[in-house]
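Visitor: I am new to this structure. Please take one part and show it to me closely.

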Amino acid sequence: MKLRERLEKDRAAMAGLDRQGKLLFLWDYYKLPILAAACVVALVLVTAVTSSARRPAAMYAVLVNAADAQGDREALDALLAEGGVDMADRQVDVTADLRLGWAFDESGDMQTVQVLAALFGISGLDFFAADEPVFARYADQDAFLDLSLFLDRSLLERYGDDLYYYQSGDGQTVLGGVILRAGSPLHRAGYYEEDVVAGVAANAQNMEEAVIFLRQLLEKGRK
C-alpha cells in the first residue's frame, strides 16, 4: 500500500474516534517514527547545548594515562594566556580519559590505539603527554616535532637528562619531548602524579599554541 493511501485510510479510521482514541491509534501505528523523531530532536538539542557551553579550542591536548581526567583545565588556559595567546572566548580542549597499557585491558587498549591513530592522522591533537612507554610508541612513528628547532637552548639546558630524544625514520636524532616530573604545572593541575613525557604533534593544527604551552610548562616547572 502506498504511503498516501495508508494515510487516507488511517485518517478515515480516526474520524469516528474521540481525542483519547485518536492518540491511542496514533501511538499504536506510528510509535516507531514518533520515537525516532523524538530521538533526533533530543540529539539536536543536546548537541546545541553542548556546543553553546563549550568555547572554541585554542589548542587540543591529549593526556594519556592521566591520574585524574578532571584536572584543573583553567590552569592550562592560564598558561597559554600568560604565554601571550589571546584566550578570549577560547580554551584548551583537554582529553584526559584515554588509557593504554592499563591493567591489561586489551579491549580498552585497542580502542585507545584506534582513537590515537585517528587523532594523530587527522591533526586532531596538538600537545601530547603520556608515560614513557606510551610516548615511545608514537615517537617510533615520527609523530612529534623536533623541539630543538622551536625552544631556546638556555631553556632546554635546564632539563639536562630529562630531554627525550629518538631516532627518526631517516636516521636523524630528534628532540621529541621533555620529561615532566612532580611539581610541573601539569602535575600541579592534578592530571599526573608520576613522571610523563610531553611533546608537540608533528602535524599539529595549532602548532604555535602547543609550542607556547610546552614552553610555559618548562618555564614554570623548573627555574
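Guide: Start with a term: buried means under 20% relative accessible area, exposed over 50%, and partly exposed in between (1.4 Å probe, protein chains only). Helices (H or I, at least four residues) and strands (E, at least two) are DSSP runs, numbered from the N terminus. This is a predicted model, where local features need pLDDT of at least 70, side-chain atom pairs count only at pLDDT 80 or more, and totals for chains, interfaces and linings use all residues. Residues are numbered from 1 along each chain as its sequence is written, and side-chain values use heavy atoms, with hydrogens and water left out.

Now look at strand β1, residues 57–64. Six of its eight residues are buried, so by that cut-off β1 is mostly covered. Strands pair if DSSP finds at least two bridges between them. β1 runs parallel to strand β2 (residues 91–98), with six bridges joining them. A61 has V94 as its bridge partner in β2. Between β1 and β2 the chain passes through helix α3 (residues 73–82), and this β-α-β crossover is right-handed. Right-handed means that, with the strands pointing away from the viewer, the path from the first strand over the helix to the second runs clockwise.

β1 also runs parallel to strand β3 (residues 127–130), through three bridges. Here A61 is partnered with F127.
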